[in-house]
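Here is a friendly briefing to read alongside the model. Have the viewer open as you go through the points.

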Amino acid sequence: MPFDAILGQSKAHTYLKMLARTQQVPGAFLFYGPDGVGKAKTALEFAKALNCQDPLSRQQGDSCGVCASCKAIEQGTHPDVTFADFIYQARLEVKKDFSSKGYQEELEKEIAKQQHINVDTIREITAKSQQKPVGTGWKVLIIDQAQTMQTAAANALLKFIEEPPQKTVWILITNKRTAMLKTILSRCQPLGFAPLQDQQVLQILQQTDTPVEYPDLCARYSGGSVSGALKADQALTLLSAAEFGPNGADAAGPSAVSAGLSRTLVSSRQEAGAILDVLTQALHHAWLNATTDTHKQQYQQTLIRFQNYKRSLTRNVSPALVVETALMSLDGLKVSVF
Ligand SMILES: [Zn+2]
């Protein structure tokens with residue numbers, strides 16, 4: 001069954017299946033929880049369940065995954081289901097025709113620039129919410145990264161989520177519930193998504209044939225999320241390519257690691273953050289297992305320093321410099337990453 005194909009969120013799924021079965025669906029949801037735990041996938045599965053053409057699946061509040069409606073939702077072509085994220089927004093902003101030369105390049109540049117779901121995008125989706133549905137099922141409007149909406153965008157959305165037309169449901173997705181405006185929060189039914197277990201992350205990586213170099217390790221450093229696992233794998237690959245040895249800092253390590261970072265600021269900042277996250281977890285592990293007070297103290301002080309390095313990445317500092325300084329500050333301290 002398609003809901004079951006998303007691992008680790010059975011509580012949310014049982015609830016959504018019950019709603020789809022009884023067709024008692026609130027006008028607006030807020031799916032909240034860490035990145036990479038299946039919130040967006042679940043929103044799309046819910047859209048499938050509400051629109052599935054297979055009677056048996058509908059009886060169970062689930063979707064078949066193979067009817068025309070399920071397939072269209074999977075491919076992003078269902079006229080009554082909108083999934084708005086930074087890619088969707090970037091597509092609206094690219095002026096070129098999608099079949100013209102250089103479109104893909106321009107789209108990628110535009111995606112990298114996105115920081116907020118903006119008011120024009122919200123207006124585009126709210127207009128869709130008012131149009132008559134094409135099919136006989138439900139209109140489903142999904143907004144990912146909803147916490148990035150600024151006041152104008154959030155205000156443009158308010159009255160539409162408050163009183164959506166019949167058989168219309170809004171799903172706002174966020175990784176930071178506390179960053180959402182109260183006026184939005186009070187109009188949405190919250191549904192929480194928990195971090196995954198390491199074993200579930202590993203299983204998802206294996207099932208989806210995601211090419212990762214260190215599956216077990218990146219599941220361990222994933223923080224219970226698939227996107228966390230992918231970031232950890234990126235960090236581990238960079239650390240190992242620079243021969244940042246199994247026992248922490250060595251002479252060539254720090255500068256070689258920072259030299260391996262991407263050239264663009266957005267990517268290198270992300271990679272630097274991933275490296276600091278992996279090292280922080282390894283330091284935390286070392287701190288827990290330290291046998292003497294002196295060692296415990298050393299690890300504790302290093303952990304505090306690493307918190308500051310992580311924070312400095314959000315400021316106007318070179319990510320390569322931050323990584324190099326952080327690695328050098330380990331200064332012979334034993335940290336097992338691999
Ligand atoms: Zn179906």
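Strand 1 and strand 5 (residues 189-192) run parallel and are joined by four bridges; strands pair if DSSP finds at least two bridges between them. Strands here are DSSP runs (E, at least two residues), helices are runs of H or I with at least four residues, and both are numbered from the N terminus. Please note that this is a predicted model, where local features need pLDDT of at least 70, side-chain atom pairs count only at pLDDT 80 or more, and totals for chains, interfaces and linings use all residues. Residue numbers start from 1 along each chain as its sequence is written.

**Strand 1 and its partners**

- In the pairing with strand 5, leucine 30 has proline 190 as its bridge partner.
- Strand 1 also runs parallel to strand 4 (residues 168-174), and five bridges join the two.
- Within strand 4, isoleucine 171 is the residue opposite phenylalanine 29.
- Five of the five residues in strand 1 (residues 28-32) are buried, where buried is defined as 20 or more other C-beta atoms within 10 Å of the residue's own, exposed as 12 or fewer, and partly exposed as in between, with C-beta atoms placed from the backbone.
- Both faces of the strand are covered: one side carries Ala28, Leu30 and Tyr32, the other Phe29 and Phe31, and all are buried.

**Helix 1**

- The 13 residues of helix 1 (residues 10-22) should span 18 Å at 1.5 Å a residue, and this agrees with its end C-alpha atoms, which are 18 Å apart; the expected span is 1.5 Å times one less than the number of residues.
- Ala12, His13, Leu16, Lys17 and Ala20 are the buried residues of this helix.
- Viewed down the axis of helix 1, these buried residues fall within an arc of 130°, so they line one face of the helix; the arc is that of the directions from the helix axis to the C-beta atoms.
- Lys11, Thr14, Met18 and Thr22 are exposed on the other side of helix 1.
- Helix 2 (39-51) and strand 5 are included in what covers the buried residues of helix 1.

**The whole chain**

- There are 16 helices and five strands in the chain.
- Of the 338 residues in the chain, 39% are buried.
- Along the principal axes, the C-alpha atoms of the chain fill a box of roughly 65 × 40 × 40 Å.
- Among contacts in the chain with a separation of 6 or more, 70% come from residues 24 or more positions apart; a contact means C-beta atoms, placed from the backbone, within 7 Å.

Key. Contact = placed C-beta atoms within 7 Å.
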